[in-house]
Amino acid sequence: MCSICLGWILSEPLECDVLIVGGGPAGLSVASHLASTISSIIVHQDAEIGRPVRTSGGSWLRDVKTLGIPSDLYQIIDQLDFYSDNEEALFTVTKDKMVVLDITGLYRHLAELSKGLNRQLLLGTKFLGTEVQPDGGYLSKLRSRQSGCFEIRSKFIVDASGWHSAVLAALSLAQKPRRTGVGIEYEFPIGDYPQNRAILFVGVTALTGYGWVFPTSQNTVRLGVGVINPDTDLTPRQVMDSFIGGGHAARFGLTIPEGYEVNAGVIPSVAYDPKLVFGNIIRTGDAANFATPTVGEGIRIAIQFGRILGAELSAFMAGDKSALQRYEAQAAKTFVRDYKYGFAMNKRIVRYTPTRWDKSIARLARLSETEVTQMVRGNFSAKLILRTIYLSLRAKLFG
Ligand SMILES: Cc1cc2nc3c(=O)[nH]c(=O)nc-3n(C[C@H](O)[C@H](O)[C@H](O)COP(=O)(O)OP(=O)(O)OC[C@H]3O[C@@H](n4cnc5c(N)ncnc54)[C@H](O)[C@@H]3O)c2cc1C
């Protein structure tokens, strides 16, 4: 992909077929899967691809393999452990293994997949708004850190701006999410912590959210906590301070050195809305609320559906008038049922007390490895739902 900085003030608008707003995994994947005959400009408000890191990178081996992600861009996890204040559920995972992604490396790899195609990547460039033109196209206003304001004329716009929903919000076609997950992460050298063990923790140290410990393939470990706003007034920084101040890191075998790196990010935490196509504006990734409502895992989904959108938008532009409906229908088929159940679960568990979490983790310990990984992935089969209801009833009746 050709990355350019606008070192001059543009008096004439730039032109392309598809303007993509957001250079995260969703936007980069749309770009690499548009047909080679289509021209596209990707605008990204950050100065670099993949930095700063705004996510923690938990994913799944079977998905990264299907997506063709090189093996040096992830760490395989063999041990997945859950903790509440007084309970634990420890799983040696043999079948559906988790991985932790090298975020910066992965996003740069996704950008490289557009190499040789008619793509321009404008870094340090923010989408400000757009107007529909008499010919049905769009004239968008942007601001570059280097050269100020300029315009881009395009036939289509893809909103891949994450929780910002920058395009749809600017046109009042959708609102920015009112409920969000906000996370902070400290990343530091791994020390003696095992490179193949991930931890998820809940309870007093992570109220209205959860915490995680993810080792990376770059010999670092990421300790993170997330909260849901406005369900709590606490900031993730306050939760993290109290976790560290309370000495809880030692329980997980972590020593936090001076000078750690801080990653932080935001994710939508609202009910899934299946409408994705608004005329010639299409949303994808977090801007379409694709991340799982249970643990907020969205990178593999942003890549998968970004690629599908790239292919279907190309088909649409080539005359296949049902192609964008197919994209919308495929997303609805994949998400509507699981996300309805997952979001209901999300709303319920944010109100859990530490005692309730203890009971929940004790129940989790009775699930099989497969049931646990299904639950973390946000896949709720009827069998899994019935089994969790059964375990919950049994705990209520027999303690
Ligand atoms: C704390 C935290 C932890 C997470 N952990 C995981 C995890 O372990 N595993 C997982 O799979 N997912 C995780 N997620 C979710 C995951 O990060 C997202 O689902 C994924 O990044 C979505 O990709 P995206 O491309 O849609 O959006 P983003 O990654 O948000 O990318 C959108 C980009 O658009 C840019 N942008 C926004 N507005 C504009 C504008 N006006 N003009 C130009 N550019 C703009 C933004 O700067 C941003 O970089 C986590 C999220 C958070 C917040």
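Me: Helices (H or I, at least four residues) and strands (E, at least two) are DSSP runs, numbered from the N terminus. Between which two elements is the loop of serine 165 placed?

Reply: This is a predicted model, in which local features need pLDDT of at least 70, side-chain atom pairs count only at pLDDT 80 or more, and totals for chains, interfaces and linings use all residues. Residues are numbered from 1 along each chain as its sequence is written, while side-chain values use heavy atoms, with hydrogens and water left out. Serine 165 has a positive phi near 40 degrees although it is a residue other than glycine. Its loop is placed between strand E12 (148–159) and helix H4 (166–170).

Me: Does serine 172 count as buried or exposed?

Reply: Serine 172, in the loop between H4 and strand E13 (180–189), likewise is not a glycine and has a positive phi, about 55 degrees. Buried means under 20% relative accessible area, exposed over 50%, and partly exposed in between, with a 1.4 Å probe and protein chains only. Serine 165, at 4%, counts as buried. Serine 172 has a relative accessible area of 67%, and therefore it is exposed.

Me: What percentage of the area that the ligand exposes when taken alone does the protein bury?

Reply: A backbone N or O atom of isoleucine 299 lies 2.9 Å from a ligand oxygen, and an N or O atom in the side chain of aspartate 46 is 3.4 Å from an oxygen atom of the ligand. Accessible areas come from the Shrake-Rupley method with a 1.4 Å probe, and for residues only the protein chains shown count as cover. Taken alone the ligand exposes 990 Å², and the share of this that the protein buries is 93%.

Me: Which helices and strands each supply at least two residues of the shell around the ligand?

Reply: A residue is near the ligand if one of its heavy atoms lies within 4 Å of it, and of the 36 residues around the ligand, Thr55, Ser56, Gly58, Asp286 and Ile299 come nearest. The elements that each supply at least two residues of this shell are helix H1 (25–33), strand E3 (40–44), strand E10 (125–132), strand E17 (261–268) and helix H6 (299–317).

Me: With which side chain does that of threonine 284 make a polar contact of 3.0 Å?

Reply: Threonine 284 is placed in the loop between strand E19 (281–283) and H6, and it is buried, with a relative accessible area of 0%. Contact means heavy atoms within 4.5 Å, and, not counting residues up to four places away in sequence, threonine 284 touches residues including Ala26, Val158 and Phe305. The side chain that joins threonine 284 in a polar contact of 3.0 Å is that of tyrosine 327.

Me: What is the omega of the cis peptide bond that joins asparagine 229 and proline 230?

Reply: Most residues other than glycine have a negative phi, and most peptide bonds are trans. Proline 230 has its place in the loop between E16 and helix H5 (236–245). The cis peptide bond joining asparagine 229 and proline 230 has an omega of about 10 degrees.

Definitions and conventions: Polar contact = N/O pair within 3.5 Å; in protein donor to acceptor, adjacent residues only side chain to side chain.
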